[in-house]
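Dear colleague,

Please find below the structure that I am handing over to you.

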Amino acid sequence: MEALIPQFVLDIWNWLPPLLQYLIETTFWILVVMISVILTVAFTTYFERKVIGYMQGRIGPNRVGPLGLGQPFADVIKLLIKEVVIPQKSNRFLFVIAPLLTLTPALATWAVIPLNDTFVIADINAGLLYVLALTSVGVYGVILAGWAANSKYAFLGAMRSAAQIVAYEIAMGFALVGVLMAGGSLNLGDITEAQAGGFSNWFLLPLLPLLSSTSYRVSRKQTGHHSMSRKANRKLSLVSMLSIPASPSRFSSSVNTRTSS
(Lines give C-alpha, C1' and ligand atoms only; values in the text may rest on other atoms or scores of the structure.)
Protein backbone atom coordinates (compact mmCIF):
# COMPACT_ATOMS: atom_id res chain seq x y z
CA MET A 1 0.00 0.00 0.00
CA GLU A 2 2.80 2.42 0.88
CA ALA A 3 4.46 1.70 -2.49
CA LEU A 4 1.50 3.38 -4.25
CA ILE A 5 1.87 6.59 -2.21
CA PRO A 6 4.41 9.20 -3.39
CA GLN A 7 7.43 9.68 -1.17
CA PHE A 8 6.77 13.36 -0.47
CA VAL A 9 3.30 12.47 0.86
CA LEU A 10 4.88 9.94 3.24
CA ASP A 11 7.42 12.54 4.36
CA ILE A 12 4.66 15.04 5.12
CA TRP A 13 2.69 12.34 6.96
CA ASN A 14 5.67 11.38 9.12
CA TRP A 15 6.29 15.04 9.89
CA LEU A 16 2.80 15.52 11.35
CA PRO A 17 2.27 15.12 15.12
CA PRO A 18 0.87 11.73 16.22
CA LEU A 19 -2.38 13.28 17.45
CA LEU A 20 -3.00 14.95 14.10
CA GLN A 21 -2.22 11.69 12.30
CA TYR A 22 -4.75 9.90 14.47
CA LEU A 23 -7.44 12.54 13.78
CA ILE A 24 -6.85 12.46 10.02
CA GLU A 25 -6.84 8.67 9.87
CA THR A 26 -9.99 8.38 12.00
CA THR A 27 -11.79 11.03 9.92
CA PHE A 28 -10.85 9.20 6.72
CA TRP A 29 -12.28 5.88 7.92
CA ILE A 30 -15.40 7.61 9.26
CA LEU A 31 -16.02 9.07 5.80
CA VAL A 32 -15.43 5.66 4.20
CA VAL A 33 -17.96 3.98 6.50
CA MET A 34 -20.54 6.78 6.16
CA ILE A 35 -20.36 6.83 2.36
CA SER A 36 -20.58 3.03 2.24
CA VAL A 37 -23.63 2.99 4.53
CA ILE A 38 -25.39 5.74 2.56
CA LEU A 39 -24.74 4.00 -0.78
CA THR A 40 -25.91 0.69 0.67
CA VAL A 41 -29.16 2.26 1.88
CA ALA A 42 -29.67 3.98 -1.49
CA PHE A 43 -29.29 0.83 -3.56
CA THR A 44 -31.21 -1.29 -1.04
CA THR A 45 -34.11 1.11 -1.60
CA TYR A 46 -33.63 0.72 -5.35
CA PHE A 47 -33.84 -3.08 -5.19
CA GLU A 48 -36.83 -2.83 -2.87
CA ARG A 49 -38.65 -0.69 -5.40
CA LYS A 50 -37.81 -3.15 -8.18
CA VAL A 51 -39.09 -6.12 -6.18
CA ILE A 52 -42.27 -4.31 -5.15
CA GLY A 53 -42.81 -3.24 -8.77
CA TYR A 54 -42.46 -6.86 -9.90
CA MET A 55 -44.90 -8.02 -7.24
CA GLN A 56 -47.46 -5.41 -8.32
CA GLY A 57 -47.03 -5.91 -12.06
CA ARG A 58 -45.13 -2.64 -12.61
CA ILE A 59 -41.74 -1.90 -14.14
CA GLY A 60 -40.14 0.01 -11.28
CA PRO A 61 -37.33 2.57 -11.65
CA ASN A 62 -35.83 2.26 -15.16
CA ARG A 63 -35.40 5.80 -16.48
CA VAL A 64 -32.23 7.18 -14.88
CA GLY A 65 -29.05 5.37 -15.91
CA PRO A 66 -28.70 1.80 -17.16
CA LEU A 67 -31.40 -0.44 -15.68
CA GLY A 68 -32.45 2.51 -13.52
CA LEU A 69 -29.32 2.28 -11.32
CA GLY A 70 -28.99 6.06 -11.30
CA GLN A 71 -32.38 6.49 -9.64
CA PRO A 72 -30.98 6.65 -6.05
CA PHE A 73 -28.67 9.53 -7.04
CA ALA A 74 -31.55 11.30 -8.80
CA ASP A 75 -33.63 10.99 -5.63
CA VAL A 76 -30.83 12.53 -3.55
CA ILE A 77 -30.45 15.46 -5.94
CA LYS A 78 -34.21 15.99 -5.94
CA LEU A 79 -34.30 16.08 -2.13
CA LEU A 80 -31.37 18.51 -1.96
CA ILE A 81 -32.89 21.06 -4.35
CA LYS A 82 -36.41 20.93 -2.93
CA GLU A 83 -37.71 23.93 -1.06
CA VAL A 84 -37.39 23.68 2.71
CA VAL A 85 -40.77 24.57 4.21
CA ILE A 86 -40.61 25.79 7.81
CA PRO A 87 -43.85 26.69 9.62
CA GLN A 88 -44.22 30.39 10.29
CA LYS A 89 -44.70 30.20 14.06
CA SER A 90 -42.26 27.37 14.69
CA ASN A 91 -38.89 27.52 16.41
CA ARG A 92 -36.68 27.68 13.33
CA PHE A 93 -33.42 26.59 14.99
CA LEU A 94 -34.90 23.56 16.77
CA PHE A 95 -36.97 22.64 13.71
CA VAL A 96 -33.78 22.43 11.61
CA ILE A 97 -31.62 20.76 14.26
CA ALA A 98 -34.13 18.00 15.08
CA PRO A 99 -33.42 15.82 11.99
CA LEU A 100 -29.70 16.08 12.70
CA LEU A 101 -30.30 14.92 16.26
CA THR A 102 -32.04 11.83 14.89
CA LEU A 103 -29.67 11.06 12.01
CA THR A 104 -26.33 11.64 13.74
CA PRO A 105 -26.69 8.92 16.44
CA ALA A 106 -27.80 6.42 13.76
CA LEU A 107 -24.59 7.00 11.81
CA ALA A 108 -22.41 7.22 14.93
CA THR A 109 -23.52 3.72 15.94
CA TRP A 110 -21.35 2.29 13.15
CA ALA A 111 -18.22 3.43 14.99
CA VAL A 112 -18.21 0.33 17.23
CA ILE A 113 -19.48 -2.26 14.71
CA PRO A 114 -16.62 -4.52 13.50
CA LEU A 115 -16.75 -4.82 9.71
CA ASN A 116 -14.15 -7.62 9.58
CA ASP A 117 -11.60 -9.35 11.79
CA THR A 118 -9.31 -6.32 12.06
CA PHE A 119 -11.26 -3.18 11.14
CA VAL A 120 -13.37 -1.23 13.62
CA ILE A 121 -13.29 2.53 14.08
CA ALA A 122 -13.60 2.49 17.90
CA ASP A 123 -12.82 -0.82 19.61
CA ILE A 124 -14.34 -0.07 23.01
CA ASN A 125 -15.24 -2.59 25.68
CA ALA A 126 -18.75 -1.18 26.21
CA GLY A 127 -19.72 -1.34 22.53
CA LEU A 128 -23.13 -2.90 23.14
CA LEU A 129 -23.95 -0.31 25.78
CA TYR A 130 -22.82 2.41 23.37
CA VAL A 131 -25.23 1.13 20.71
CA LEU A 132 -28.14 1.06 23.16
CA ALA A 133 -27.33 4.59 24.37
CA LEU A 134 -27.18 6.10 20.87
CA THR A 135 -30.35 4.40 19.71
CA SER A 136 -32.06 5.92 22.74
CA VAL A 137 -30.81 9.42 21.90
CA GLY A 138 -32.56 9.38 18.51
CA VAL A 139 -35.99 9.59 20.14
CA TYR A 140 -35.21 13.11 21.36
CA GLY A 141 -34.96 14.31 17.77
CA VAL A 142 -38.48 13.02 17.07
CA ILE A 143 -39.92 14.74 20.15
CA LEU A 144 -38.03 17.95 19.41
CA ALA A 145 -39.28 18.04 15.82
CA GLY A 146 -42.91 17.71 16.89
CA TRP A 147 -42.56 20.31 19.63
CA ALA A 148 -40.63 22.84 17.49
CA ALA A 149 -43.33 22.78 14.80
CA ASN A 150 -45.68 24.57 17.23
CA SER A 151 -48.57 22.38 16.12
CA LYS A 152 -50.73 20.18 18.31
CA TYR A 153 -51.09 17.54 15.60
CA ALA A 154 -47.33 17.37 14.98
CA PHE A 155 -46.64 17.18 18.70
CA LEU A 156 -49.19 14.38 19.23
CA GLY A 157 -47.68 12.46 16.32
CA ALA A 158 -44.19 12.91 17.73
CA MET A 159 -45.27 11.67 21.16
CA ARG A 160 -46.87 8.60 19.56
CA SER A 161 -43.67 7.86 17.62
CA ALA A 162 -41.57 8.37 20.74
CA ALA A 163 -43.77 5.96 22.71
CA GLN A 164 -43.34 3.32 20.00
CA ILE A 165 -39.57 3.78 19.87
CA VAL A 166 -39.23 3.49 23.64
CA ALA A 167 -41.44 0.37 23.69
CA TYR A 168 -39.35 -1.28 20.97
CA GLU A 169 -36.11 -0.40 22.79
CA ILE A 170 -37.30 -2.26 25.90
CA ALA A 171 -37.88 -5.44 23.89
CA MET A 172 -34.59 -4.98 22.05
CA GLY A 173 -32.73 -4.53 25.32
CA PHE A 174 -34.18 -7.73 26.76
CA ALA A 175 -33.31 -9.59 23.54
CA LEU A 176 -29.69 -8.43 23.82
CA VAL A 177 -29.41 -9.72 27.40
CA GLY A 178 -29.18 -13.28 26.06
CA VAL A 179 -26.52 -12.22 23.56
CA LEU A 180 -24.56 -10.54 26.35
CA MET A 181 -24.76 -13.62 28.58
CA ALA A 182 -23.71 -15.97 25.78
CA GLY A 183 -20.85 -13.78 24.57
CA GLY A 184 -19.63 -12.85 28.04
CA SER A 185 -18.62 -9.34 26.95
CA LEU A 186 -20.00 -5.96 25.94
CA ASN A 187 -17.43 -5.69 23.14
CA LEU A 188 -19.07 -6.37 19.77
CA GLY A 189 -15.87 -7.92 18.43
CA ASP A 190 -15.75 -10.42 21.30
CA ILE A 191 -19.45 -11.20 20.79
CA THR A 192 -18.78 -11.88 17.10
CA GLU A 193 -15.80 -14.13 17.87
CA ALA A 194 -17.91 -16.07 20.38
CA GLN A 195 -20.15 -17.17 17.48
CA ALA A 196 -17.27 -18.89 15.64
CA GLY A 197 -17.74 -22.52 14.67
CA GLY A 198 -21.20 -22.36 13.17
CA PHE A 199 -24.16 -24.54 14.04
CA SER A 200 -21.98 -27.56 14.84
CA ASN A 201 -20.37 -25.63 17.69
CA TRP A 202 -23.66 -25.39 19.61
CA PHE A 203 -22.75 -28.36 21.77
CA LEU A 204 -25.49 -27.65 24.32
CA LEU A 205 -28.30 -27.88 21.74
CA PRO A 206 -28.89 -31.67 22.10
CA LEU A 207 -28.94 -31.26 25.89
CA LEU A 208 -31.92 -28.88 25.98
CA PRO A 209 -34.59 -31.64 26.26
CA LEU A 210 -32.55 -33.33 29.01
CA LEU A 211 -32.15 -30.05 30.92
CA SER A 212 -35.87 -29.34 30.61
CA SER A 213 -36.93 -32.75 31.92
CA THR A 214 -34.37 -32.61 34.75
CA SER A 215 -35.56 -29.18 35.89
CA TYR A 216 -39.16 -30.47 35.78
CA ARG A 217 -38.33 -33.40 38.09
CA VAL A 218 -36.37 -31.16 40.47
CA SER A 219 -39.26 -28.72 40.67
CA ARG A 220 -41.73 -31.51 41.53
CA LYS A 221 -39.37 -32.88 44.16
CA GLN A 222 -38.93 -29.46 45.75
CA THR A 223 -42.67 -28.85 46.04
CA GLY A 224 -43.61 -32.25 47.49
CA HIS A 225 -47.07 -32.02 45.91
CA HIS A 226 -47.84 -34.46 43.09
CA SER A 227 -51.36 -33.23 42.52
CA MET A 228 -50.30 -29.83 41.19
CA SER A 229 -51.86 -28.53 38.03
CA ARG A 230 -49.98 -28.57 34.71
CA LYS A 231 -49.86 -24.79 34.66
CA ALA A 232 -48.13 -24.62 38.05
CA ASN A 233 -45.64 -27.32 36.98
CA ARG A 234 -44.74 -25.37 33.85
CA LYS A 235 -44.13 -22.26 35.93
CA LEU A 236 -41.83 -24.11 38.32
CA SER A 237 -39.97 -25.75 35.44
CA LEU A 238 -39.35 -22.34 33.84
CA VAL A 239 -38.18 -20.91 37.16
CA SER A 240 -35.71 -23.77 37.61
CA MET A 241 -34.35 -23.40 34.07
CA LEU A 242 -33.71 -19.69 34.61
CA SER A 243 -31.87 -20.44 37.89
CA ILE A 244 -34.25 -18.19 39.82
CA PRO A 245 -34.94 -19.22 43.43
CA ALA A 246 -38.34 -20.86 43.36
CA SER A 247 -41.07 -20.32 45.90
CA PRO A 248 -43.04 -23.62 46.02
CA SER A 249 -45.35 -22.39 48.75
CA ARG A 250 -46.76 -19.77 46.41
CA PHE A 251 -47.92 -22.28 43.81
CA SER A 252 -48.89 -24.99 46.30
CA SER A 253 -51.04 -22.62 48.30
CA SER A 254 -52.84 -21.45 45.19
CA VAL A 255 -53.45 -25.05 44.11
CA ASN A 256 -54.70 -26.07 47.56
CA THR A 257 -57.04 -23.10 47.53
CA ARG A 258 -58.51 -24.16 44.19
CA THR A 259 -58.82 -27.78 45.37
CA SER A 260 -60.57 -26.83 48.60
CA SER A 261 -62.92 -24.49 46.81
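The notes below go from the whole chain to single residues.

This is a predicted model, in which local features need pLDDT of at least 70 and side-chain atom pairs count only at pLDDT 80 or more, while totals for chains, interfaces and linings use all residues. Residues are numbered from 1 along each chain as its sequence is written, and side-chain values use heavy atoms, with hydrogens and water left out.

The protein has ten helices and zero strands; helices (H or I, at least four residues) and strands (E, at least two) are DSSP runs, numbered from the N terminus. Of its 261 residues, 20% are buried, where buried means under 20% relative accessible area, exposed over 50%, and partly exposed in between (1.4 Å probe, protein chains only). The protein exposes about 19500 Å², and carbon and sulfur atoms supply 69% of this area; accessible areas come from the Shrake-Rupley method with a 1.4 Å probe, and for residues only the protein chains shown count as cover.

The axes of helix 5 (residues 127–148) and helix 6 (residues 152–183) come within 8 Å and cross at roughly 175°. Axes are lines fitted to C-alpha atoms, for helices over the stretch in contact, and angles run from 0 to 180 degrees between N-to-C directions. Helix 5 and helix 6 are therefore roughly antiparallel to each other (under 35 degrees counts as roughly parallel, over 145 as roughly antiparallel, 65 to 115 as roughly perpendicular and the rest as oblique). Contact means heavy atoms within 4.5 Å; the residues that make it include Leu 128 and Val 139 of helix 5 and Phe 155 and Ile 165 of helix 6.

The largest nonpolar core has five residues: Val 112, Leu 128, Val 131, Leu 188 and Ile 191. A nonpolar core is a set of buried Ala, Val, Leu, Ile, Met, Phe, Trp, Tyr and Cys residues joined through side-chain atoms within 4.5 Å. Helix 5 and helix 7 (188–193) each supply at least two residues of this core.

Two single residues complete these notes. Gln 21 lies in helix 2 (residues 18–55) and, at 18% relative accessibility, counts as buried. Pro 87 sits in the loop between helix 3 (71–81) and helix 4 (92–108), and its 33% relative accessibility makes it partly exposed. The C-alpha atoms of Pro 87 and Asn 150 are separated by 8.1 Å, although the two residues are 63 residues apart along the chain.

Yours sincerely
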